[in-house]
Amino acid sequence: MLRTLSRPLVAGVERYLPGAFVFAVVLTVIVAVLALVFGDVGPAELTRAWGDGLAGLLAFMTQVALVLLLGYTLALTRPVKAGLIRIADLPKSPRAAYAFVAFVSAVASLISFGLGLVVGGVIALEVGRAARRRGTKLHYPLLVASAYSGFAVWHMGYSATGPLAAATPGSFVEEAIGRTIPISETVYSPWNLIAIVVAVAAILGTVVLMAPKGKDRIIELPERMGEEEPDVALKDPETPAERMEASRLVTLIPGLALLAYLGVYFAQEGFDLTLDIVNWSFLAAILLIVRSPAELAELVGGAVRTVGEVLLQYPLYAGIIGMMTASGLAAQLSGWFSDISSPGTLGLWAFLSAGLLNMFVPSGGGQFAVQAPIFLNAADSLGVDPAVITMAIAYGDQWTNMIQPFWALPLLAVAGLGVRDIFGFTAITCLITGIVFGGTMLVLGAG
């Protein structure tokens with residue numbers, strides 16, 4: 001049934017879905033029109049809000065850019081990439097390959113969304129290459145779609161920006177409810193861990209059931225794709241400056257210093273994580289793994305080229321956030337869902353509204369900043385656990401990423417495909433995971 005359902009979706013997406021940058025521009029125009037019609041601002045105020053949106057999210061954008069950049073760099077370090085290449089030969093059948101890629105991507109996404117996007121692209125490419133060597137036919141667009149489907153659980157894990165913001169002292173969440181919400185009550189809660197297992201199992205089953213059969217069209221990995229390897233070979237140093245550039249000690253010293261800092265931090269603070277700590281963690285790992293500053297510069301250069309298109313679009317989405325906030329559209333949307341909620345359904349409506357808003361604001365932290373105050377106030381008045389509402393917004397954000405092209409770009413850049421190649425498949429993932437996440441909120445509301 002899922003395979004049959006995916007066929008018209010794939011055909012429709014290939015024909016009508018624009019590129020990611022065009023998608024962002026179209027969303028900007030739609031939001032501007034809606035803001036002028038339904039909002040409380042005029043053209044001049046809206047234009048100012050659009051431009052000011054970039055400055056308003058600049059600090060957060062820097063944090064997110066570092067998560068993405070460091071995650072990509074870590075995935076391409078020699079030990080990590082070598083490990084991915086070794087495990088790529090494990091699945092021996094097409095169905096096992098689709099499930100395996102989705103599973104690896106999901107695990108990496110739970111560690112870091114930046115790592116998950118890049119690892120997903122790399123493992124899809126390497127599994128495709130391994131299958132080609134064996135003579136096994138794999139539908140490469142579905143393989144890459146499986147990798148992106150694993151990303152649907154990222155906001156339940158280590159780099160979850162919404163829950164991390166709620167756990168950070170001095171954040172707007174602390175101002176709204178008078179305290180922070182520790183990660184132990186959100187990401188590490190038993191019910192979220194159970195939801196992760198159920199969601200990942202549902203994703204694996206979904207990609208397996210969409211596998212081509214019989215005379216279904218199969219588009220294999222192109223012959224030369226993935227054959228180019230990044231040039232990180234170390235040159236023989238001749239001058240003192242070159243010897244320093246080739247010295248592992250130069251990267252090892254700050255790596256060990258960061259490791260010591262993280263040890264002190266976790267000893268004093270426990271596992272109350274922030275975005276800064278996530279970034280320090282991955283930078284420490286990179287510095288301890290790379291052989292020299294020269295290798296580090298080469299890897300970072302490759303990462304910048306790949307994530308550049310994402311960073312180019314971020315100002316547009318920051319402008320959208322600015323318009324939706326200044327005009328009151330975001331508050332109206334969240335407030336409408338909040339007004340129709342009861343104690344048992346507040347989590348579900350928070351999830352659904354977050355999924356809808358994510359189509360216009362594909363930023364977990366930026367979206368959380370807009371929605372959380374409204375729903376946390378509603379949770380306080382209705383006696384609902386604020387940790388549940390925090391994760392409801394996180395679930396909604398990750399859910400509709402499956403039909404929003406913004407975060408697919410880094411993975412697609414690595415895999416060598418476009419959004420039209422995979423979104424017919426990931427739309428089915430969106431449907432199935434929506435049932436899992438919405439069901440989780442209903443179960444918690446009933447409890």
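Me: Before we start, what should I know about the numbering and the cut-offs on confidence?

Reply: Residues are numbered from 1 along each chain as its sequence is written. This is a predicted model, where local features need pLDDT of at least 70, side-chain atom pairs count only at pLDDT 80 or more, and totals for chains, interfaces and linings use all residues, while side-chain values use heavy atoms, with hydrogens and water left out.

Me: How many helices and strands does the chain have?

Reply: Helices (H or I, at least four residues) and strands (E, at least two) are DSSP runs, numbered from the N terminus. Here the chain has 21 helices and 0 strands.

Me: What share of the residues is buried?

Reply: Buried means under 20% relative accessible area, exposed over 50%, and partly exposed in between (1.4 Å probe, protein chains only). Of the chain's 447 residues, 55% count as buried. Asn-401 is buried because its relative accessible area is 1%.

Me: Where is Asn-401, and which residues does it contact?

Reply: Asn-401 sits in the loop between α19 (386-399) and α20 (408-415). Contact means heavy atoms within 4.5 Å. Neighbours within four places in sequence aside, Asn-401 contacts Tyr-148, Phe-151, Trp-154, Asn-358, Trp-407 and Phe-423. For the chain, residues 24 or more positions apart account for 82% of the contacts with a separation of 6 or more.

Me: And which residues does Leu-333 contact?

Reply: Leu-333 lies in helix α16 (residues 329-339). With neighbours within four places in sequence left aside, Leu-333 touches Ser-353, Leu-356 and Leu-357. Leu-333 and Gln-371 are 38 residues apart in sequence and 9.1 Å apart in space, C-alpha to C-alpha.

Me: Now the surface: which helix gives the most to the nonpolar patch?

Reply: Patches are made of residues with over 30% relative accessible area and no salt bridge: like charges are joined within 9 Å, nonpolar side chains (Val, Leu, Ile, Met, Phe, Trp, Tyr) within 5 Å. A salt bridge is a side-chain nitrogen of Lys or Arg within 4 Å of a carboxyl oxygen of Asp or Glu. Accessible areas come from the Shrake-Rupley method with a 1.4 Å probe; for residues, only the protein chains shown count as cover. Helix α2 (residues 20-38) gives the most, with 11 residues. The patch has about 1,000 Å² of accessible area together, and Leu-312 is one of its members. Leu-36, in helix α2, is partly exposed because its relative accessible area is 42%.

Me: Which residues make the patch of negative charge?

Reply: Asp-236, Glu-238, Glu-242 and Glu-245 gather there on the surface. Glu-245 belongs to helix α12 (residues 240-245).

Conventions: Lys and Arg count as positive and Asp and Glu as negative; His and the chain ends are not counted. The place of a charge is taken as NZ of Lys, CZ of Arg, CG of Asp or CD of Glu.
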